[in-house]
Every structure is written in C-alpha cells, then in structure tokens.
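Hello,

Here is the structure I promised to pass on to you. Please have a look at it first, and then read on for what turned up in it.

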Amino acid sequence: MTRPARASSKRAPADLTPSRPSAVPPAVREYLDHLAHERQASAHTVAAYGRDLAAFVEFCDRHYGGDWSWERVDRLGLRGYLGDLQRRGLAKRPAARALSAVRSFYRYLQVHHGMAANAARAARVPKLEKRL
C-alpha cells in the first residue's frame, strides 16, 4: 500500500522575501545580495535579516523624521529601536537577532562603503534567557 504524498513544509522562495521590497534602500538590498551570494547565507537568514533591516529603516524614518543617513544613526537611536521592538511585544531572542542584523549591516557598510563610525557596536544585546 502506498501512502499519499505529503505537502512539503518548506515555503517557496518568493515567500521569503521582505514584505515590501520597494521600501528597502539600495544599500540594504546590496547587503542582502552579498549575504545570499557571497556569504552563502540560507534563504531563511536572508529573509529574516531583510525583515529586521526593513523594520529598522521604518523606525529610523519615524525617529529621525524621514531625512536621515546611515552615518546619522547613533547609539540612542539603536536603543530606541530595541525599545520599539520590546513595546511591540517581540521576545528577547528575536530582538537580539534584529540587533545582530543591524550590526552585521553596519560592518558591511564599513568594509564595502568606507563608513567611518559604527554606532551599532555600542548597542547592548538584550540579556537572553538560559535554556536547560
């Protein structure tokens, strides 16, 4: 007796793209391409970092008033972003991943675009719960 084929639990790659790719700045798209092709990160990692960076861009638009640059973002802006994630009910582990995405993006900007300051280095990772 043969079993009926199960539906795959994997999503199609189109579902893994950020929800609003038009809102993502060119530097972020370039970084996500770098992650996918040069660093060979998984599609899920690229999608998660894309969502995290899109949320960071939206926060910066609100926080800095729409006219801002990557160099203008400071430690207080990053702390505000983490606070915004907490107010929206995001757990500490995804908030830590979001901060990791921003830190990694800023490292990319330093190496590939010659950006001098990296405010993301000064932000502290939320203390994570320890699992047994």
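This is a predicted model: local features need pLDDT of at least 70, side-chain atom pairs count only at pLDDT 80 or more; totals for chains, interfaces and linings use all residues.

Residues are numbered from 1 along each chain as its sequence is written, and side-chain values use heavy atoms, with hydrogens and water left out.

The chain has four helices and zero strands, in the order α-α-α-α. Both kinds of element are DSSP runs numbered from the N terminus: H or I over at least four residues for helices, E over at least two for strands.

Now to the aromatic rings. The whole structure holds nine aromatic pairs. Rings of Phe, Tyr and Trp (its six-membered ring) pair if their centres lie within 6.5 Å; planes under 30 degrees apart are stacked, over 60 edge-to-face, and the rest tilted. One of the pairs is Tyr 31 with Tyr 108, tilted at 55 degrees between the planes and 5.3 Å centre to centre. Tyr 31 sits in helix α1 (residues 26–38) and Tyr 108 in helix α4 (residues 92–113), so this pair ties together parts 77 residues apart in sequence. Both tyrosines are buried.

Another pair, Trp 70 and Tyr 106, is edge-to-face, with 6.3 Å between centres and 85 degrees between planes. Trp 70 lies in the loop between α2 (43–64) and α3 (75–87), while Tyr 106 is in helix α4, 36 residues away. Trp 70 and Tyr 106 are buried too.

What about charged side chains? The search found three salt bridges, meaning a side-chain nitrogen of Lys or Arg within 4 Å of a carboxyl oxygen of Asp or Glu. Arg 97 meets Asp 52 at 2.8 Å, N to O, joining helix α4 to helix α2 across 45 residues. Arg 97 is partly exposed at 34% relative accessibility, whereas Asp 52 is buried at 8%.

Arg 62, Asp 84 and Arg 88 form a network of salt bridges. The closest N and O atoms are 3.0 Å apart for Arg 62 and Asp 84, and 3.9 Å apart for Arg 88 and Asp 84. Asp 84 is buried at 12%, while Arg 62 is exposed at 52% and Arg 88 is exposed at 53%.

Enjoy exploring!

Key: Buried means under 20% relative accessible area, exposed over 50%, partly exposed in between (1.4 Å probe, protein chains only).
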